[in-house]
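Trainee: Could we take a close look at the aromatic rings in this one? I'd like to hear how they sit against each other, and what else sits against them.

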Amino acid sequence: MHSWPSPSIPSVPGPAVPIRLYDTSDEAVKPVSPGDVATMYVCGITPYDATHLGHAATYVTFDLINRVFRDNGHDVHYVQNITDVDDPLFERATRDGIDWRDLGARETDLFREDMTALRVLAPRDYIGAVESIDEVVEAVGKLLANGSAYVVDDAQFPDVYFSVDATTQFGYESGYDAETMAKFFAERGGDPDRPGKRNKLDALLWRAARDGEPSWDSPMGPGRPGWHIECSAIALNRLGMAFDVQGGGSDLIFPHHEFSAAHAEALTGERRFARHYVHTGMIGLDGEKMSKSLGNLVLVSKLRAAGVDPNAVRLGLLSQHYRADRMWTDPVLVEGERRLAIWRRAAKSTSGPDAADTVARLRQHLSDDLDTPKALAAVDAWAADAILGIGSSATAPQVIIAAVDALLGVDIAPVS
């Protein structure tokens with residue numbers, strides 16, 4: 001599956017700053033120390049609806065990490081999946097009277113358009129669940145062979161499940177207690193009451209074929225993948241174990257990231273799937289959690305259709321810290337548009353304060369667990385001075401334009 005075109009990244013003078021990120025499993029901000037190639041896996045969408053601002057906030061956050069890695073001289077191997085085989089996709093397709101494959105293709109195309117507009121750097125590997133069926137079948141077969149998985153005693157639907165006790169460290173990624181795990185498992189796609197399971201938390205690996213559902217042949221019988229094993233197989237086969245960053249929204253901490261890690265660890269016998277588990281906060285709207293069920297989604301495509309500059313949307317999303325649960329309100333967008341206008345006005349100046357200190361602070365704040373409020377404030381201060389005519393550096397505006405583009409992904413260059 002193809003991804004989308006990436007914007008070019010200008011070079012920025014001055015020394016880069018290695019990044020430190022909060023690790024969910026260790027509950028601490030820790031240095032990230034990639035090799036020559038920084039490796040990152042971020043869970044993608046289930047394409048049954050358009051990209052909303054919760055999605056956008058997540059992908060913009062990991063785009064910043066990608067950009068900081070690149071500023072530090074690393075090549076980046078970024079992998080993202082797309083869950084184009086899943087119950088919500090089938091349910092929406094049935095509701096709308098459209099083939100599930102056509103619905104998935106349509107919403108995936110729209111997602112690509114939204115990511116392009118938001119200037120998100122494309123993943124090197126963009127892999128659909130359908131593309132990875134053979135990889136999943138192989139992984140499930142290995143888990144059955146090594147005793148980490150079992151087939152439920154159901155002659156009609158012999159589904160395959162993963163045992164939560166297959167690894168000794170299950171639970172380390174989330175740190176949740178049993179009660180919290182049970183709550184989230186039931187709320188987030190789990191099936192605790194499925195007859196024949198050994199443990200209510202055991203996760204589905206291979207769903208035996210049901211009437212009206214797509215299925216693929218396998219040694220386990222015809223069926224389709226469970227959710228978590230998809231990401232395990234895709235990441236393992238492209239990045240291997242102990243890649244640098246696994247990311248997604250905080251609603252993926254459990255069960256999705258806990259199980260995707262456990263599956264990979266049971267497959268390899270190694271201790272830790274990713275070196276860092278990084279999660280973004282949730283986006284709400286006017287005091288309410290933003291969700292499809294509540295019907296209060298703010299869609300990136302609708303903002304674009306209304307003439308909103310995606311750079312202003314990006315600045316609105318960056319105005320608060322990525323780990324915070326936060327609200328999207330009209331004032332947030334207005335402030336993003338105001339900030340963008342001021343930065344662009346300052347960028348037109350023929351001179352300004354020397355840019356070295358501003359760029360250094362921008363780098364320092366981004367590398368400190370993506371402290372975007374302070375990073376934006378650093379650019380605000382330079383822009384305010386430039387507009388007032390303070391400073392005599394003729395090269396400063398171009399340096400600031402390049403730094404804001406390369407590090408924040410925001411285009412403030414004057415239109416020629």
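**Rings against rings**

Mentor: Let's start with Phe 111, which is buried, its relative accessible area being 0%. Buried here means under 20% relative accessible area, while exposed means over 50% and partly exposed is in between, worked out with a 1.4 Å probe on protein chains only. Keep in mind that this is a predicted model, where local features need pLDDT of at least 70 and side-chain atom pairs count only at pLDDT 80 or more, while totals for chains, interfaces and linings use all residues. Side-chain values use heavy atoms, with hydrogens and water left out, and residues are numbered from 1 along each chain as its sequence is written.

Now, what makes a pair? Rings of Phe, Tyr and Trp (its six-membered ring) count as one if their centres lie within 6.5 Å; planes under 30 degrees apart are called stacked, over 60 edge-to-face, and the rest tilted. That gives 15 aromatic pairs. Phe 111 belongs to one of them: with Tyr 126 it makes a stacked pair, 6.5 Å centre to centre and with 15 degrees between the planes. The two partners come from distant parts of the chain, 15 residues apart, with Phe 111 in helix α3 (residues 100-117) and Tyr 126 in strand β5 (residues 125-128). Those elements are DSSP runs numbered from the N terminus: helices are H or I with at least four residues, strands E with at least two. Tyr 126 is buried as well, at 2% relative accessibility.

To count as sitting over a ring, a charge needs NZ of Lys or CZ of Arg within 6 Å of the ring centre and within 35 degrees of the ring normal. Tyr 172 has a charge over its ring too, with the charged end of Arg 271 at 4.4 Å from the centre.
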